[in-house]
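Thanks for making time this morning. I would like to walk you through one model, so please have a look at it on the screen before I go on.

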Amino acid sequence: MRYIMLIHHDEAALAAAPQKDLWAEFGAFNEALSKAAGAATGERLQPSSAATTVRQQDGKTDVLDGPYADTKEQFAGYYFVEAADLDEAISWAKRCPSSKYGSIEIRPVVAAQGDRK
Amino acid sequence: MKHENEAGRAAERVARESYGRLVAFLAARTRDVAGAEDALGEAFAAALRMWPNDGVPDNPDAWLLTVARRRQTDSIRRRQTRTSGEGHLTLMADEIAAASEEGAIIPDRRLALMFACAHPAIERGLRAPLILQTILGLTAEDISAAFLIPPATMGQRLVRAKTRIKDAGIPFRLPEKEELGERVQAVLDAIYAAYAKGWNEIGEAGVPDIADEAIWLARLVVSLMPAEPEPKGMLALMYYAEARRAARRSPQGAYVPLEEQDTSLWDDSQIHLAESLLSGANAGGPTGRYQLEAAIQSAHVARRLGGAPTWPAIVQLYDHLYALTRSPVVILNRAVALAELEGPAAALDAIAPLTADKRMQSYQPYWAARGHLLAQTGRAADAHEAFTVAIGLTTDDAVKTYLMHKRDALDGARPS
């Protein structure tokens, strides 16, 4: 099954962490994931201070300066993982350093039409 | 549901055994629990109806599969006249056909199904109902009574949970070794929760006894994981409780605490079963929560039956249990045992930290124990207050009456 790991960071906690070690840890995780999955399949986003939220209602467009919701943990990036089942996907999430600085939501990706399993 | 005679009950057991094995087998292959239940549902209902009267067929699995296969083929034929056939129906029909061809040897995947039902991604409160339904074929209605949830709501939650097993990709297999301990615990906790629900119910005719079903499941887990100590510990704990079932109420229906129970009413054969399971658990692997709790029950039995001074051992066992669980309930139970050794004042000191624990404020045994300890130290007014809160929190009428007597005795002793 194909899963996406949606990463939410506590940006303050992440900023307070020793940066060199942190990025080395992410580097190792990316390496391990690409070894297992065949390719690096994720993106990191700029912090939520760079976010803009757009919404259309009754023909009017609202453009808001900031993220969708002003919460402690902000969406920060994602990875795709190919896993046999939920347990394998959970193992990847546990290995990802992000799980220590926020939370990772795991969701199965809807399979393309005619593609069973 | 309940059969008068032994033979009827035995036939029902065989039907549930076979049904659970087949659901697990089909679900593990297709990841579709609801589909497997649908495919076998009518055949299972027919078995529950017919076997207790007509006797159990030589090969129960094959009987169920044959009936299920016929129904499945019919319903595909019916649907195909309208639409172009439904993929999941065809898939399940193919699986049933394949299973029929495997002959008498259907691999037992019930353990894998239990691990799926008790997966961390399944809401804790639903794990026991899911296991009772998928492994034993109990209806949402049967289960809802014990869990105090309306049948319709229970049904909806079970459907959602099965959809989740399929969509989230919850696996049907034994967990990896490093996770096994934790995951076994989740399966056991679900089964024990079902047991505890059943144990509190004082048998209403016509309602399946969930405690019985939980014991059945525990025996199944013990037989499927013979090397694991905790399933044995849990089954031992259940048998210790079962052994005392007849003694916990007087002939008039009044509540009888452990220390006052008539031990001639205890069931020796169940105590014997519990003891041998416990020593089996002690022989292998690390010591877990259920094993310690069973050991505590064993010590109670040794004291009541043989007069052995086991209170020091019980306090020590609670120390180990606390190190493992960090549970306020363990602090409370340990204090009650400590009172037997060092007196009520020491026990009250031991539960002093619990005053600040929110969970204890609505926990009936906390207030009841507090009442007993305060009464023993002569603090009648405080004891009166504690008993009153305990009575207010009690749902069991026999226990309520018992506590009221204790509170009235207090008033009698109080200087006026």
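Predicted model: local features only at pLDDT ≥ 70, side-chain atom pairs only at ≥ 80, totals over all residues.

Let me begin in chain B, where helix H13 (residues 289-306) packs against helix H14 (residues 311-325) at an angle of about 165°, the two axes being 10 Å apart. Axes here are lines fitted to C-alpha atoms, for helices over the stretch in contact, with angles running from 0 to 180 degrees between N-to-C directions, and helices (H or I, at least four residues) and strands (E, at least two) are DSSP runs numbered from the N terminus. That angle makes H13(B) roughly antiparallel to H14(B), a label used for angles over 145 degrees.

Residues are numbered from 1 along each chain as its sequence is written, with chains lettered from A and ligands numbered from 1 in the order in which they are written.

Which residues of H13(B) and H14(B) meet? On the H13(B) side they include B:Leu292, B:Ile296 and B:Ala299, and on the H14(B) side B:Ile314, B:Leu317 and B:Leu324 are among them, contact being scored when C-beta atoms, placed from the backbone, lie within 7 Å. By class, the residues of this contact are nine nonpolar, two polar and two charged, where Ala, Val, Leu, Ile, Met, Phe, Trp, Tyr, Cys and Pro count as nonpolar, Asp, Glu, Lys and Arg as charged, and the others, Gly among them, as polar.

Turning to chain A, we find an open sheet of four strands in the order E2-E5-E1-E6, with antiparallel pairing, and pairing requires at least two DSSP bridges between two strands. Strands E2 (42-44) and E6 (102-108) of chain A stand at the edges with a single partner strand each, so one side of each has no neighbour in the sheet. E6(A) pairs with strand E1 (residues 2-10) of chain A over seven bridges, and A:Tyr3 stands opposite A:Pro108 in E6(A).

Finally, where do the two chains touch? Seven residues of chain B are in contact with five residues of chain A.

Methods
Parallel < 35°, antiparallel > 145°, perpendicular 65-115°, else oblique. Contact = placed C-beta atoms within 7 Å.
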